[in-house]
Amino acid sequence: MRLIAPQDQTLIGESPAFLEIIDQCSRAARHDRPVLVIGERGTGKELIAARLHFLSPRWERGFVQVNCAALPENLLESELFGHEAGAFTGASGKRIGRFEEANNGTLFLDEIATTSQSAQEKLLRVTEYGTFQRLGSNKTIQVDVRIIGATNIDLPTAAGNGNFRHDLLDRLALDVITLPPLRHRQEDIMLLATQFGQRVAQEREWLSFPGFSSHMTDALMQYHWPGNVRELKNVVERAVYHAEDEFDPISIIEIDPFQSPFRPAPQSSDAALSTVVREKSNAVHAAKPTDYHQAVTILEREMLKNALMHHKHNQREAAKSLKLNYHQFRHQLKKHDLL
Ligand SMILES: Nc1ncnc2c1ncn2[C@@H]1O[C@H](COP(=O)(O)OP(=O)(O)O)[C@@H](O)[C@H]1O
Ligand SMILES: [Mg+2]
């Protein structure tokens with residue numbers, strides 16, 4: 001079980017896009033019908049689902065969560081709908097499913113797009129009539145459950161490709177809340193970063209949180225955050241845990257903790273280059289590099305900038321870390337206009 005400190009549940013943000021989501025969430029919480037929460041990974045879908053529940057008339061009842069991607073097809077169905085003893089090999093005892101557990105409350109189906117056709121068929125029935133059967137039983141069970149689904153894929157496209165039932169999508173899409181990626185709500189980046197930094201400073205029993213250097217602020221603002229708030233949280237927490245002096249503004253940012261000269265070689269060099277460039281580069285934002293030279297230039301520049309950051313702008317140390325001599329390093333800095 002995951003214990004969540006109350007502060008961890010707080011949604012933070014002040015950008016217009018975020019405030020609009022909060023408004024939409026308050027409106028949707030009241031109507032007691034299914035809601036879909038859509039957004040890239042790490043945008044806060046789980047937090048929004050919890051908010052929908054706790055603002056709804058069902059708030060005192062159960063909030064049951066199932067990650068549909070975490071279970072293989074057949075186990076998911078028994079997890080959701082329960083089973084009778086002997087319903088399938090290994091089903092020794094009877095089991096109450098999550099729908100029964102969530103009766104009169106809310107069931108949050110995370111990663112709902114990964115469900116099988118057979119599970120979708122059962123979900124359709126339960127959203128339409130509130131009825132289902134435990135696996136291995138003929139008895140129809142009636143429940144009153146509000147469903148909140150979440151996914152990071154485009155469901156209409158999935159439905160168009162035959163991977164998600166149109167009728168289920170129509171049922172669930174009574175209200176669709178689409179969370180904006182972090183890069184589209186710039187106003188929230190430093191607000192969130194400061195909040196996450198303050199929490200770690202508190203844990204480390206610092207007198208106060210020294211904030212971020214202007215260099216780090218720039219880096220945080222420019223990065224395109226493919227992993228959204230989750231990634232920002234991890235980057236900031238890492239930076240504050242590693243900081244040595246509680247009175248110095250945080251100045252070292254490490255976006256990719258796996259970066260190392262000894263990192264295992266990726267399977268395909270193409271994929272590797274595009275990942276490194278996409279994940280590491282502040283400069284390319286969401287765009288993929290279009291040609292080899294451009295990709296290499298971006299990668300070189302990022303390596304130089306990172307080395308400088310890691311070594312607090314000590315050029316000799318930074319050069320050493322890249323196995324370049326001082327003159328080669330300076331030459332590269334000049335070439336990339338970083339001097
Ligand atoms: N607006 C926000 N304010 C504070 N923390 C947030 C916010 N959005 C996301 N988080 C944090 O980011 C992490 C990822 O959020 P989560 O809801 O699990 O994202 P998703 O389900 O979309 O992948 C969690 O630690 C969550 O607490
Ligand atoms: Mg999630």
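Angles under 35 degrees between axes count as roughly parallel, over 145 as roughly antiparallel, 65 to 115 as roughly perpendicular and the rest as oblique. By that rule, helices α8 and α10 of this predicted model are oblique to each other. The secondary structure of the chain comes to 14 helices and 7 strands, where helices (H or I, at least four residues) and strands (E, at least two) are DSSP runs numbered from the N terminus. Residues are numbered from 1 along each chain as its sequence is written, while chains are lettered from A and ligands numbered from 1 in the order in which they are written. Because the model is predicted, local features need pLDDT of at least 70 and side-chain atom pairs count only at pLDDT 80 or more, whereas totals for chains, interfaces and linings use all residues.

**The chain as a whole**

- Of the 339 residues of the chain, 31% count as buried; a residue is buried if 20 or more other C-beta atoms, placed from the backbone, lie within 10 Å of its own, exposed if 12 or fewer, and partly exposed in between.
- Among contacts between residues at least 6 apart in sequence, 68% join residues at least 24 apart, a contact being a pair whose C-beta atoms, placed from the backbone, lie within 7 Å.

**Nonpolar cores**

- A nonpolar core is a set of buried Ala, Val, Leu, Ile, Met, Phe, Trp, Tyr and Cys residues joined through C-beta atoms within 7 Å.
- The largest nonpolar core has 39 residues, of which Val37, Leu52, Phe99, Leu107, Ile148 and Ile177 touch the most other members.
- Helix α1 (residues 16-31) supplies the largest share of this core, namely 5 residues.
- Apart from this core lies another, of 22 residues, including Ile189, Leu192, Phe196 and Ile250.
- Leaving aside neighbours within four places in sequence, Val37 is in contact with Lys45, Ile48, Ala49, Ile148, Ala150, Ile177 and Leu179.

**Helix α8 and its two partners**

- The axes of α8 (residues 186-203) and α10 (residues 228-242) come within 9 Å and cross at roughly 45°; axes are lines fitted to C-alpha atoms, for helices over the stretch in contact, and angles run from 0 to 180 degrees between N-to-C directions.
- α8 passes α10 in a right-handed crossing, a crossing being left-handed if the near helix is turned anticlockwise from the far one by less than a right angle, and right-handed if clockwise.
- On the α8 side the contact involves Ile189, Leu192, Ala193, Phe196, Gly197, Val200 and Ala201, which meet Val229, Leu232, Lys233, Val236, Glu237, Val240 and Tyr241 in α10.
- The residues of this contact of α8 with α10 divide into 11 nonpolar, 1 polar and 2 charged, where Ala, Val, Leu, Ile, Met, Phe, Trp, Tyr, Cys and Pro count as nonpolar, Asp, Glu, Lys and Arg as charged, and the others, Gly among them, as polar.
- With helix α9 (residues 214-222), α8 packs at an angle of about 130°, the axes being 9 Å apart, and the two helices are therefore oblique to each other.
- The crossing of α8 past α9 is right-handed, and in it Gln186, Ile189, Met190 and Ala193 of α8 meet Thr217, Leu220 and Met221 of α9.
- The contact of α8 with α9 divides into 5 nonpolar, 2 polar and no charged residues.

**Helices α3 and α5**

- The axes of α3 (residues 73-81) and α5 (residues 117-129) come within 9 Å and cross at roughly 20°, which makes α3 roughly parallel to α5.
- α3 passes α5 in a left-handed crossing, with the contact made by Leu76, Glu77, Leu80 and Phe81 of α3 and Ser118, Ala119 and Lys122 of α5.
- The residues of the contact of α3 with α5 divide into 4 nonpolar, 1 polar and 2 charged.

**Individual residues**

- Leu308 is found in helix α12 (residues 292-310) and counts as buried, with 20 C-beta neighbours inside 10 Å.
- Not counting residues up to four places away in sequence, Leu308 touches His313 and Ala318; Leu308 and Ile252 are 56 residues apart in sequence and 9.2 Å apart in space, C-alpha to C-alpha.
- Asp32, in the loop between α1 and β1 (35-38), has a phi near 65°, a positive value in a residue other than glycine, and counts as partly exposed with 14 C-beta neighbours inside 10 Å.
- Asn228 lies in helix α10 and has a phi near 55°, a positive value in a residue other than glycine; with 23 C-beta neighbours inside 10 Å, Asn228 counts as buried.

Key:
Contact = placed C-beta atoms within 7 Å.
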